[in-house]
Amino acid sequence: MNTVDLLFYFFSTLALGGGILMVLSRHPVSAALFMIVSLVSVAALFVLLEAFFLAILQVLVYAGAVMVLFLFIIMLLDVGPEGGKVSRIKMISGLAGCLSFGILSVLLIQFVQIDVSHSANWPTLQTDKAVSGNFLLFSNSVKNFGFGLFTKYMLPLQVAGFLLLAAMIGVIVLSKKSLSVDKEN
Amino acid sequence: MESITPQHYLILAFLLFSVGFFGVVLRRNLLLVLMSLELMLNGINVALVSFSRASGNLDGSLFVFFIMTVAATEVAVGLALLVALYKKRKSVFSEDISLLKN
């Protein structure tokens, strides 16, 4: 077992553990902090997969912007922990769900049959060219990423820009103090 | 990169997705439901990047870029809706907003 394997197991455990604790924690602030742990570990997994640009985006966009927005809203609304006891039927159904999920994942692992013997699963990266024939080559450089984004995916990029604009206008309209519904009342 | 195969990453992606799915189904706090949706999208991102790396094709990584954009807008709009809802109902729990009228 070499260092890369150990790092994979470490960060995947951290990602999964953060996710599970996020789902289980009663207080929204601690849930958001566990979520940040999970997102940063996923960024580390992207580094292990040599997608460095996506790892930086993951930290900046998710762990930076999105989770700060979540924490801000949690503190703005002053949401406390979920009150009341968990109902009995919900507990039983949760247990049954976990059990069936465990059986399903054991079956999946048996079925997929991880082939450890064969090491030629990951192709070696080429850094000198961005395109081979008709498709874009995977590369760890941002240059190739931008090349793909501005040639093959030009239209989706523009649509994403418009989506951001529409979301911004929508959020401004939604969070204005006097909605038209309130005026009627 | 010797003994970690794409299957390892796929199993991790499946587990992340299902943890997020359980969060969406079981939690009552709508903020946590939104966070669990983010976790599901992250599972998909892990699967896409590992496929992209394993096949040597950049398209999967570019898709992850667009998924991140859509997730960020979704969170922004979802939280704005939640704040508007909170102003009206004074609650963020899903059982308090089960009625369509008022």
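## Contact between the chains

Two residues are taken to be in contact if their C-beta atoms, placed from the backbone, lie within 7 Å. The contact takes 68 residues from chain A and 59 residues from chain B. On the side of chain B that touches chain A, the elements giving two or more residues are α1 (6-26), α2 (30-55) and α3 (59-89) of chain B, helices being DSSP runs of H or I with at least four residues and strands runs of E with at least two, numbered from the N terminus. The largest share of this side, 20 residues, comes from α3(B).

This is a predicted model, in which local features need pLDDT of at least 70 and side-chain atom pairs count only at pLDDT 80 or more, while totals for chains, interfaces and linings use all residues. Residues are numbered from 1 along each chain as its sequence is written, and chains are lettered from A, with ligands numbered from 1, in the order in which they are written.

## Helix α5 of chain A

In helix α5 (residues 142-151) of chain A, the buried residues are N144(A), F145(A), G148(A) and L149(A), where buried means 20 or more other C-beta atoms within 10 Å of the residue's own, exposed 12 or fewer, and partly exposed in between, with C-beta atoms placed from the backbone. Because these buried residues fall within an arc of 140 degrees when seen down the axis of α5(A), they line one face of the helix; the arc is that of the directions from the helix axis to the C-beta atoms. On the other side of α5(A), V142(A), K143(A), G146(A), F150(A) and T151(A) are exposed.

The cover over the buried residues of α5(A) includes α3 (52-77), β2 (135-136) and α6 (154-174) of chain A, together with α3 of chain B.
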